[in-house]
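Me: I would like to discuss this model through a series of questions. Please define each term on its first use.

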Amino acid sequence: MVRVTCLGAAGGVTGSNHLVETSDGRKILVDCGLFQGGKQMEARNWESWGFNPADIDLVIVTHAHIDHIGRIPKLIKDGYKGKIIASPPTIDLAEILLLDSAHIQEMNAEWQTRKNKRRGSKDIQPLYTTPDAERSLSHFQPQNRDEMLELNMGVRIRLRNAGHILGSAILEMWIEDDGQEMKIVFSGDIGQPEQLIIKDPYEVFAADFLFMESTYGNRLHKSHEESRQELLEAIKYSYENGEKVVIPAFAVERTQEILYILGEFHRAGVLPDMPIYLDSPLAIKATEIFRKHKKHYDEEAMAIVQKGFDPLDLPNLKFTPSTAESIAINERPGPAIVMAGNGMCTAGRIKHHLKHNLWRPGSSLVIVGFQAQGTTGRRIVEGASEVKIFRETVAVKAKVHTIGGFSAHADQEDLLRWVGHFAESKPKVFPIHGEPEACKVLAEKIQEKYGLETHVPRWRESILLTPKAVDYELPEQEEDMEPDYYAEMNNVIVSMEKNIRELRRTLNERLAKEKDGDHGLERLQFIQEELESILKSG
């Protein structure tokens, strides 16, 4: 019997962490990611592992995103002494991302400690430190994709291209159990077909058990072409108005895709002559890693290289690693394209660029990635007329573009196409790495289209696998995630603001036609009293 315990990315998107235990007691950890998304979810990073890190025999990493690698330094700190298997590009990206994550952990702990001291409370220790992250890097061992690796524990593994980000991998795992071999596949994160720069996801055709991502299991993306055109329109609009295009960018993959597209525009002669700033030290380092690993490019990107071009370079592109260079961007008048982190507008240099440009008519804000609930980016996308930046109210006068076609995740249609290759081998499918509704919808679609048996695991649920049967063990105490009331209240307020704007518009129309009647005045007065009561109660 093989036991797979879902210790992260089950019942949610982040914290990817799956423990595989063989019948002879071997323990293999697949991914070790950080939980992200509100105080309740992030509190899980501090909870017990559900295993003793010193007892783990091997860690395998599918790719370098923080929700898949972000707790590795803590794992080492807590006693893990073995190897961490990953593709060479993943190891290079993990170095810069883990060191950046450690810095964030230290800064957050320092800020909370200062806040606690004013209250007379105790100091806060970071989840892990920069030295912890540095020590973890020595445990990584490179493994090329498409090569079989015998682990001398009755287990063989092979990494395949997942087409998600540079170096991302699908994990194929063969385990000997009671004289029979079982094949388990962990999809990692699956990319879109024909994604820019990197090759399409590898098509796997056989498995007994499949653990697959479902981030967009209930949604479809815009096409790449629509997204390109909308980006070009935003650039031309701000160029003609003499203002800046501000792009909140995730450091890995999304930044490089935007650079690639801008390069296409330049070579086609449609990109206006304006400065382009990459204002993110982390994204600059990630871009250099992409340039180092050209052999992982797809045919289209390699064709550009073979013509003597760097697909991630342009004549007007300027890297601004220093703070002084970043500040100078907004001191220079005139149009420009500015890419800065972070991607959800909650921290980093992007906040300065929003403060200087969001209130300017003629400027553009181009959102190219997912915006989580409660973030500044989410409030802007949902139509807020103003937002708080550095405790200052900033009006949203820029033209806001939300471009969904650049996602690094496969959408529902892509996921169904990918899982369809397994139809003949008829594996049991476990949708993971998605919100509950996305997992549920995808599971139903897989059953309906291919007749495959599915099961959506819960957090900390154990799945007992044998060649002929599957059984389940729920955690002893099922934990219900309490709602993040702060984020939910913010969402309610944003919705109310939109409704008030619509009410003002419709009220003006009604008054123009009909002067008599209270038009809901008493109900509005009641709502006002309720709001005043909430404010008074603190």
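Reply: Accessible areas here come from the Shrake-Rupley method with a 1.4 Å probe, and for residues only the protein chains shown count as cover. The model is predicted: local features need pLDDT of at least 70 and side-chain atom pairs count only at pLDDT 80 or more, while totals for chains, interfaces and linings use all residues. Residues are numbered from 1 along each chain as its sequence is written, and side-chain values use heavy atoms, with hydrogens and water left out.

Me: What share of the accessible surface of the protein belongs to carbon and sulfur atoms?
Reply: The accessible surface of the protein comes to about 25,400 Å². The part that belongs to carbon and sulfur atoms is 49%.

Me: Which radius of gyration does the protein have, and what would a compact globule have?
Reply: The radius is taken over C-alpha atoms, and the globule rule is 2.2 Å times the number of residues to the power 0.38. For 538 residues the rule gives a value near 24 Å, so the protein agrees with a compact globule. The C-alpha atoms fill a box of roughly 85 × 60 × 55 Å along the principal axes. The radius of gyration of the protein is 25 Å.

Me: How many residues of domain 1 are in contact with domain 2?
Reply: Domain bounds come from an automatic or database domain assignment, which divides the protein into domain 1 (2–219 + 408–473) and domain 2 (224–402). Their C-alpha centres lie 29 Å apart. Contact means heavy atoms within 4.5 Å. On the side of domain 2 there are 23 residues in contact, and on the side of domain 1 the number is 23.

Me: Is T90 buried or exposed?
Reply: T90 is found in helix α4. Leaving out residues up to four places away in sequence, T90 touches V61, T62, H63, A64, L166, G167 and S168. Its relative accessibility is 0%, so T90 counts as buried.

Me: How far apart in space are G362 and E243?
Reply: G362 is found in the loop between α11 (350–357) and β16 (364–367). Beyond its neighbours within four places in sequence, G362 is in contact with Y237, S238, N241 and E243. G362 and E243 are 119 residues apart in sequence, and their C-alpha to C-alpha separation is 5.9 Å.

Me: How many disulfides does a search of the whole structure find?
Reply: A disulfide is a pair of cysteine sulfur atoms within 2.5 Å. The sulfur of C6 has its closest cysteine sulfur in C439, at 10 Å, which is too far for a bond. C6 is buried, with a relative accessible area of 0%, and C439 is buried as well, at 1%. The number of disulfides found is zero.

Key. Buried means under 20% relative accessible area, exposed over 50%, partly exposed in between (1.4 Å probe, protein chains only). Helices (H or I, at least four residues) and strands (E, at least two) are DSSP runs, numbered from the N terminus.
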